[in-house]
Amino acid sequence: MYESDKVINFYDLTYEQLEKLLTAWGFPRFRAKQVWTWAYQQKVSDFQAMTNLPKNMRAQLSERMMLGNLTLVTERHSRDGTIKRLYRLPDDQYIESVLMVYDDGRRTACISTQAGCAMGCVFCATGQMGFARHLTAGEIVEQALHFARLLEAEGERLSNIVLMGMGEPLHNYEATLQAIKRFIATDGLGIGQRHITLSSVGLVPAIRRFADEGLQVGLAISLHAANDADRSALLPVNKRWPLQDLMDACTYYVQKTNRRVTFEWALIHEQTDHVHQAEELGQLLQGLLCHVNVIPLNPTEGFAGQPSDPERVQAFIDTLSRYGISSSVRVRRGIDIEAGCGQLKAKILSQQGFVQLDDIS
Ligand code: SAH
Ligand code: SF4
C-alpha cells in the first residue's frame, strides 16, 4: 500500500481490510458495506457525499483517508471519440489512461499499472522513460473508476478494461491481481472477466502463475518477432525468457483457461513487416489457440522506425491467413492526441519542461 502523509488511499483497501479498519476506529461493521457501496456503485468522489453516514463519521473518513489520489493534469479528446488522460500521483509521478469508444457499444478503458516501465522495449515511449515505480492496486482501480463515472453520468457503462497502458502488469503482479479482482467483483466495478485483457511482454514465470489463478481474463502477449535474435533486439526481456519458454507458457495459459491468447505485433516498416517474417510467425503459432493483432507502429521520439504502409500490412495478414492464423489490424485510435502508450506523458512533460525524461529513469 502506498501512503501519502500517512493518509490511507481508500481504493487500496479490500473489503475485508475496510471492515477491519472501520471497526478498529469504533464504527459498526455494517458501515463498511455502506461506504463500499457509495464508492463503487454510486462512485461518489467525496466522503461528504455519503449521506447516510453520520456527519462525524464522514468528517473522520475525510481526515484519515483519501478517496483516490490521482490528480487530472490534462484531458484530450480525439476526433474518433478517444479520451486520453494524464494524471499526477502524490509523489509527482505521471501516468496515462485512455478511454476508447467503439461503434458496437464497447467502452474500453486502457489502464496503466506502473509509472514508467523497466522492460526497455526500444520502440515504446514508456520503455524509453525507464521505470519510476509500481502503482498500487488503488491507483490502478481508480483509473478505471474515473472513466466508469464519466460514462455513467452520460447513461453509458464501462464495458471493457485492457491493462495495456504504461508499465508491465506482470512485473507489478500483486497490485494488478488485486485490481483485477476489484474490476470483476459484483460489488466492485462488475466487469465480466472475459471483458478484461492483460497485456504482457512475456514474463514467463508470472504468466504461469497468472494461469493458475483460476480466472477467465484474456491474455495478450507482445511478440513483435518470431525468432530470438529479432525479438531480443526489440524486447530485451527476450534474453531472459526466450521464445520457446514464452510459447510453452502461452500453451499452458490456453490449457488452464481454455481461452485463446492474443499476440501483438507492431508492424515497423521494412523491419517487422516482411512476408518471410509472417511465414515464420505462422509456423511458430501452428497448433496454438490464438489470434494475432497487428498494429502499425506509433512512431516515438527515441526510435527511428516508421509504421508499415497499408499494402505491407495487408500482405502480412494475408500470409498469416495462409497458415490458418486469424488476425486483425488494430486501428490506431486517438493518433491525433498522442494516445500511444506513454506518448502523452512524454509530450506534455517535455513541452512544459518541468521534468526531464532522463530524471524519470
Ligand atoms: N507492458 C505491456 C503492456 C503495455 S504496452 C506489454 O508490453 O504488453 C501495450 C502494447 O503496446 C504492447 O503490445 C506494446 O508492445 C505496444 N506498443 C508499445 N509501443 C508501441 C508503439 N510505439 N507502436 C505500436 N505498439 C506499441
Ligand atoms: Fe514496458 Fe510494454 Fe513498453 Fe515494453 S512495450 S517497455 S513492456 S510498456
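This is a predicted model: local features need pLDDT of at least 70, side-chain atom pairs count only at pLDDT 80 or more; totals for chains, interfaces and linings use all residues.
Me: What makes up the surroundings of glycine 138, leaving aside residues up to four places away in sequence?
Reply: Glycine 138 touches Asn9, Tyr11 and Asp12. Tyrosine 11 is 127 residues from glycine 138 in sequence, yet their C-alpha atoms are 4.1 Å apart in space.

Me: Why are the buried residues of helix H1 said to line one face?
Reply: In H1, residues 15–24, the buried residues are Tyr15, Leu18, Glu19, Leu21 and Leu22. Seen down the helix axis they fall within an arc of 165°, so they line one face of H1. On the other side of H1, Glu16, Lys20 and Ala24 are exposed.

Me: What covers the buried residues of H1, and which residue with a positive phi follows the helix?
Reply: The cover includes strand E1 (8–9), helix H2 (30–42), helix H3 (55–64) and strand E2 (65–66). H1 is followed by glycine 26, whose phi is positive, near 95°.

Me: Why is lysine 43 called buried, and what makes its backbone worth a remark?
Reply: Lysine 43 has 9% relative accessibility, and since the cut-off for buried is under 20%, lysine 43 counts as buried. Lysine 43 is found in the loop between H2 and H3, and its phi is near 60°, a positive value in a residue other than glycine. Most residues other than glycine have a negative phi.

Me: How do you know whether histidine 224 is buried or exposed, and where is it found?
Reply: At 7% relative accessibility, histidine 224 falls under the 20% limit and therefore counts as buried. Histidine 224 lies in the loop between strand E11 (218–222) and helix H8 (228–234), and its phi is positive, near 65°.

Me: What makes strands E3 and E4 a pair?
Reply: Pairing requires at least two bridges, and six bridges join strand E3 (residues 71–77) to E4, so the two count as paired, and they run antiparallel. Threonine 71 stands opposite arginine 88 in E4. In the hairpin of E3 and E4, five residues lie between the strands, and glycine 81 takes a positive phi near 95°.

Me: Which strand pairs with E4 over six bridges and forms a hairpin with it, and why is E4 called mostly covered?
Reply: E4 pairs in the antiparallel sense with strand E5 (residues 94–101) over six bridges, with tyrosine 87 opposite isoleucine 95 in E5. Their hairpin has five residues between the strands, and aspartate 92 in the turn has a positive phi of about 65°. E4, residues 83–88, is called mostly covered because five of its six residues are buried, that is, under 20% relative accessible area.

Me: What makes up the shell of ligand 2 by class?
Reply: The shell has five nonpolar, three polar and one charged residues. The residues surrounding ligand 2 include Cys117, Met119, Glu168 and Val201.

Definitions and conventions:
Residues are numbered from 1 along each chain as its sequence is written. Chains are lettered from A and ligands numbered from 1 in the order in which they are written. Side-chain values use heavy atoms; hydrogens and water are left out. Buried means under 20% relative accessible area, exposed over 50%, partly exposed in between (1.4 Å probe, protein chains only). Helices (H or I, at least four residues) and strands (E, at least two) are DSSP runs, numbered from the N terminus. The arc is that of the directions from the helix axis to the C-beta atoms. Contact means heavy atoms within 4.5 Å. A residue is near a molecule or strand if one of its heavy atoms lies within 4 Å of it. Ala, Val, Leu, Ile, Met, Phe, Trp, Tyr, Cys and Pro count as nonpolar, Asp, Glu, Lys and Arg as charged, and the others, Gly among them, as polar.
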